Amino acid sequence: MAASATARRCAFGRMTGVAITASLLQQRQPVVSGQLQLANTEFEVLENLRHLAGRRSTLKVRRVSDGKPMVLKLFIATGKGQQEFERELAVYAHCRLHNIHVADICLQVSAHRGVSAIAYQLLPEAVTLAQLPFAEQPIRELMLLFAECHLANCYQQDPHLDNFAWSDGKLYLLDLASVVIADKPLAMHSCLSNLVRLRVQWPEQQQAELKTAMADYFAARQQVFTDALAQQMQVLYTKARQQHQWHYQKKQLRNCTMTGYQKNLWHETTWRKGAIEALPLEQLKAAMHSGQPLKTGNSATVVLSELAGQAVVIKRYNMKNVWHWLRRCLRPSRARQSWLNANLLTYAGIATPGPLGFVEQRWLGLRHRAYFVCKPIQGRALLDLTDAELQAVDLQAQLKQLFNLLRLNHLIHGDMKANNLLVDADGKLWLIDLDALRQVPDKHFEPLHQQDQRRFLQNWQGRDIEPQLKTLIESA
């Protein structure tokens with residue numbers, strides 16, 4: 001498969017013509033190199049930025065005639081592809097009319113030999129908001145951009161942070177095909193709904209600062225951010241947060257830009273794209289066999305090993321006997337739960353070893369042995385730290401934040417012993433062993449959260465640090 005994809009890309013590099021481009025847009029494998037010709041203009045492909053088979057592809061290219069770098073969007077000139085092309089041009093014109101920052105169009109081709117295309121100026125030294133740490137993100141400019149859009153009766157319906165680019169002190173709107181132009185002024189409820197869809201792109205610990213920034217949005221509209229508006233927004237935010245988390249977790253079990261996914265009668269496999277190519281079962285077994293044991297037991301075996309050229313931790317969940325298998329074969333495996341829980345913690349802004357994937361072995365659809373793979377963390381168990389080390393201000397701040405984030409996200413760890421917290425060489429705190437972690441409703445959360453607190457504090461009974469940690473955790 002890899003060889004044939006390479007051959008297609010090499011052939012593409014020797015050919016020109018829109019017809020060739022149209023055929024490649026239909027392929028699952030994106031174009032990553034080569035040359036193409038559009039409207040008598042020749043481009044060299046430098047990088048694939050995004051590929052949706054059968055609809056569109058976004059490429060970083062260089063115009064051969066003058067070496068000018070551009071972003072080239074190719075659309076299939078039928079169905080949704082052509083609709084997105086036409087909508088993108090309409091939104092571009094609308095934004096230009098209302099002085100909303102968008103990159104200049106250098107070339108456009110409409111429905112020529114099966115392809116439509118738009119070539120945009122490559123913004124100088126541009127970074128998306130997702131590439132910037134929160135402290136460096138231009139939040140005020142983002143609020144002003146949303147106000148400009150809403151006053152112009154349009155909004156970005158997919159406001160994730162990669163759809164906004166910061167370049168030369170200006171904030172630009174990207175992915176114009178996802179922008180909606182309304183035929184009448186936007187109601188305040190629609191504007192607030194759009195704002196909360198933006199806010200949920202950040203974890204809970206940054207929401208207080210984002211709430212404060214809402215004042216800039218309303219000031220740009222010559223309005224006041226009243227308590228009534230804040231309460232209305234909070235109701236919308238709670239619902240949007242639940243929906244956003246649900247969609248995020250759903251992506252972990254389907255094939256998409258973020259995740260690779262395969263399922264049949266003999267296995268279910270998921271892996272993180274960009275971090276690992278795939279998780280072939282035989283390679284996983286070999287890595288398990290050659291790895292350094294970290295934990296052995298009847299129910300689970302953990303090893304430090306190497307897979308696809310990188311260090312990994314593999315946790316294999318065993319079936320102890322036939323009765324154990326009968327109890328587990330119809331239930332989601334603990335490997336699957338660990339994968340989902342690791343992603344949930346990442347979503348919540350809680351540090352945990354980066355999840356790389358999981359594999360469930362199956363027999364005619366019935367679950368058997370399962371594997372969870374994650375990045376390794378070199379660190380000491382929190383229990384092994386001395387009382388003096390536990391008094392470090394930064395470490396105590398991280399402990400307090402951990403329990404606060406668990407509370408904010410209604411997460412119960414289920415086995416909050418100090419051996420499940422690691423401190424790395426930089427003093428960063430990591431939460432591990434996620435088999436029992438779960439998210440619970442409001443009415444059940446508090447007593448279970450207190451159980452987590454008590455389980456954590458049991459580790460320090462009789463030590464001088466116990467009262468200090470107790471006050472710290474209970475104040476989170």
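**View 1. Asp-168 is exposed, at 67% relative accessibility.** Buried means under 20% relative accessible area, exposed over 50% and partly exposed in between (1.4 Å probe, protein chains only). This is a predicted model, in which local features need pLDDT of at least 70 and side-chain atom pairs count only at pLDDT 80 or more, while totals for chains, interfaces and linings use all residues. Residues are numbered from 1 along each chain as its sequence is written, and side-chain values use heavy atoms, with hydrogens and water left out. Asp-168 sits in the loop between strand 9 (164-167) and strand 10 (170-173). Helices (H or I, at least four residues) and strands (E, at least two) are DSSP runs, numbered from the N terminus. The phi of Asp-168 is positive, about 50°, although this residue is not a glycine.

**View 2. Gln-222 also has a positive phi, near 60°.** Gln-222 is not a glycine either. The loop between helix 6 and helix 7 holds this residue. Gln-222 is exposed, with a relative accessible area of 76%.

**View 3. Arg-221 is buried yet has no salt bridge.** A salt bridge is a side-chain nitrogen of Lys or Arg within 4 Å of a carboxyl oxygen of Asp or Glu. For Arg-221, the nearest side chain of opposite charge is Glu-148, 12 Å away. In this count Lys and Arg are positive, Asp and Glu are negative, and His and the chain ends are left out. Arg-221 lies in the loop between helix 6 (207-220) and helix 7 (227-251). Its side chain makes a polar contact of 2.7 Å with the side chain of Tyr-217. A polar contact is a pair of N or O atoms within 3.5 Å; within protein, one must be able to donate a hydrogen and the other to accept it, and residues adjacent in sequence count only if both atoms are side-chain atoms. Leaving aside neighbours within four places in sequence, Arg-221 is in contact (heavy atoms within 4.5 Å) with Ala-147, His-150, Leu-151, Met-188 and Cys-191.

**View 4. Ser-193 lies in helix 5 (residues 188-199).** The side chain of Ser-193 reaches the backbone oxygen of His-189 at 2.9 Å. Ser-193 is partly exposed, at 22% relative accessible area.

**View 5. Arg-62 pairs with Glu-44 in a salt bridge.** Side chains of opposite charge can pair when their charged atoms come close. Here the closest N and O atoms are 3.0 Å apart. Arg-62 belongs to strand 3 (residues 56-63) and Glu-44 to strand 2 (residues 41-52), so the pair ties together parts that are 18 residues apart in sequence. Both ends are partly exposed: Arg-62 at 33%, Glu-44 at 31%. The structure holds 17 salt bridges.

**View 6. Arg-63 forms a salt bridge with Asp-66.** Their closest N and O atoms are 2.8 Å apart. Asp-66 is partly exposed, at 47% relative accessibility.

**View 7. Asp-387 and Arg-463 form a salt bridge.** The closest N and O atoms of this pair lie 2.7 Å apart. The pair links distant parts of the chain, 76 residues apart: Asp-387 is in helix 11 (residues 387-390), and Arg-463 is in the loop between helix 13 (442-457) and helix 14 (466-474). Arg-463 is partly exposed, at 24% relative accessible area.

**View 8. Salt bridges link Lys-315, Arg-334, Asp-433 and Asp-435 in a network.**

**View 9. Lys-417 and Asn-459 are 6.7 Å apart in space, C-alpha to C-alpha.** In sequence, 42 residues separate Lys-417 from Asn-459. Lys-417 is found in the loop between strand 20 (411-412) and strand 21 (421-424). Beyond neighbours within four places in sequence, Lys-417 is in contact with Arg-455 and Asn-459. Lys-417 is partly exposed, at 27% relative accessible area.

**View 10. The second largest pocket has a volume of about 690 Å³.** On a 1 Å grid over the protein atoms alone, a pocket is an open set of points where a 1.4 Å probe fits, with protein on both sides within 12 Å along at least five of seven lines; lining residues have an atom within 4 Å of a point. Grid points are joined across faces, edges and corners, and the volume is the space filled by probe spheres set on the points. The lining has 26 residues, with Leu-294, Val-302, Val-313, Leu-422 and Ile-432 nearest the centre. Strand 14 (292-295), strand 15 (300-307), strand 16 (310-317), helix 10 (334-348) and strand 18 (366-374) each supply at least two lining residues. Strand 16 gives the largest share, three residues.
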